[in-house]
Amino acid sequence: MPKKFFPLLALVSVLGFAPLARAASYTIEYPPSTGPGELVFGVTYRLWIPDTATTLRGVIVHQHGCGEGACRGGETAAEDLHWQALAKKWDCALLGPSYHQPEKENCRLWCDPRNGSDATFLKALQDLAAQSNHPELAKVPWCLWGHSGGAFWSSLMQTLHPERIVAIWFRSGTAFSTWEKGDIPKPEIPEAAYGIPMMLNPGTKENKAWGGSLEMFKAYRAKAATIGFAPDPRTGHECGDQRYLAIPFFDACLTQRLPAKTAVEQKLKPVDFKKACYAPLLGDSFTKQAPASGEASWLPNEAFAKAWVEYVQTGATSDTTPPPRPFTIQIRDTPNGNELTWNAEADFESGLAGFIIERDGVEIARLPEKPVGRFGRPLFQGMSHGDTPDKPKDGALPVMRYLDTKKADAKAVYRIRSINSVGLVSEAASVSSVGAKRFLCCDYNGGKVCIV
């Protein structure tokens, strides 16, 4: 995809994440400010917009936690193929903020949005709306996913903008116990905040985040809030495989809350309590019957409830459907061999773990060659402590490209299959080298000539 550049006071550019990328990505950076009520640290926002979205219906915000490592991890959030699949399904943008917080600085200077990150976030949406030619971006609702300090930030954002939030996923954190103890100013919680679908997701091996999440759950459920508790039995503060429950959670909430595309009033709908399920706190079963006691998890629908039961027992969810097959495969004859490039979308349920490359019906390679899962299931892009694609030392994420260095027959047929994170394999997409010839191509606008 050709690059495009737009003028802006802050840095803005359009990038392609993959060799055959079809969607647009925007980056905007704000420097730190010392003005009253303004952001102390600088921040970079990276936004991905699917090409299928003529009009955006929402923004999915993937907010990292505290510290330099978490900030660096947030740099790749908008490039995550699995989260992009959720965004594409709902005509949403995917936004990955990355704060420039030095390691020993106070994280609350940004993770408390009242210290300036709220105002900067709203400004970024306005600027990105203008630059992407999606003016609706400044007004559409948000899904907030936050890890640690990002969950802290999200819990305060729900007190500031309850009417803008579709749902919130709190991974390993919340500001609730901090404001209750008086360590930060206690916010006023508007009644609308209790109607936001929320899920608290601590790891069972972490104490601090576990206790704060449990306190928030009990206090909010006492107010009949639409909030659930989904402890991860396998992890501590790392995110593990929570995405396999978080993505279905947002999917269920978007289904219930987004107004129809044709609706005159684009206002979020309330949750549908007729579809709700309930689960005993720290239990592993659910019922459709609303309990008399307030200490029961609210779950948005039965399909999610079944996934929740599996997750709280195993730390992940299963899948029985294979991933979609790759597409737009291209082959290029090079002095070093046949170079294959292609595109693929992540399996909605289980993400993208890698690819099988075949030549004339025989498997010749797998990408990645040695899958690694440091914090959860191995994925094609890898996965960091904070649920973002691993950023290699050279800064380049894996691309969908393979060079067959063996001298292949001129009639060789290549097939590529996707693999999801539970090991299911897609149907094959094929390309043949038969009849491939080089020809000249001229880009009249760019003034360039190339050999195809």
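In this predicted model, helices α2 and α8 are roughly parallel to each other, because their axes cross at roughly 10°, and an angle under 35 degrees counts as roughly parallel. The two axes come within 11 Å. Helix α2 spans residues 81-89, and helix α8 spans residues 243-257. On the α2 side, the contact is made by His82, Trp83, Leu86 and Lys89. Helix α8 contributes Arg243, Tyr244, Ala246, Ile247, Phe250, Asp251 and Leu254. By class, the residues of this contact divide into seven nonpolar, one polar and three charged. An α-helix has 3.6 residues a turn, so residues three or four places apart point the same way.

Helix α2 is largely enclosed by the rest of the structure, because seven of its nine residues are buried. The buried residues are Leu81, His82, Trp83, Gln84, Ala85, Leu86 and Ala87. Helix α8 is one of the elements that cover them. The cover also includes four strands: β3 (43-49), β4 (58-63), β5 (92-99) and β6.

The structure holds 16 aromatic pairs. One of them joins Trp83 and Trp145. Their ring centres lie 6.3 Å apart and their planes stand at 65°, so the pair is edge-to-face. Planes over 60 degrees apart count as edge-to-face. The pair links distant parts of the chain, with Trp83 in helix α2 and Trp145 in strand β6 (residues 142-147). The two residues are 62 residues apart. Both Trp83 and Trp145 are buried. They also belong to a cluster linked by ring pairs, together with Trp169, Phe249, Phe250 and Phe304. Phe250 of α8 is also part of the contact with α2.

Three strands form an open sheet in the order β12-β13-β16, and the pairing is antiparallel. Strands β12 (327-334) and β16 (401-404) stand at the edges. Each has a single partner strand, so one side of each is left without a neighbour in the sheet. From one strand to the next, the twist averages 20°. Strands of a sheet pair through backbone hydrogen bonds, either parallel or antiparallel.

Thr334 has Gly337 of β13 as its bridge partner. Thr341 stands opposite Arg401 in β16. Strand β13 is mostly covered, with seven of its seven residues buried.

These elements sit within a protein of nine helices and 20 strands. Of the 452 residues in the protein, 56% are buried. Among contacts with a separation of 6 or more, 68% are between residues 24 or more positions apart. The Trp83 and Trp145 pair is separated by 62 residues.

Conventions: Residues numbered from 1 in each chain as written. Predicted model: local features only at pLDDT ≥ 70, side-chain atom pairs only at ≥ 80, totals over all residues. Heavy atoms only, no water. Pairing = 2+ DSSP bridges. Axes fitted to C-alpha atoms, helices over the stretch in contact; angles between N-to-C directions. Parallel < 35°, antiparallel > 145°, perpendicular 65-115°, else oblique. Contact = heavy atoms within 4.5 Å. Nonpolar A, V, L, I, M, F, W, Y, C, P; charged D, E, K, R; others polar. Phe/Tyr/Trp six-rings, centres within 6.5 Å; stacked < 30°, edge-to-face > 60°. Buried < 20%, exposed > 50% of the residue type's maximum accessible area, 1.4 Å probe, protein only.
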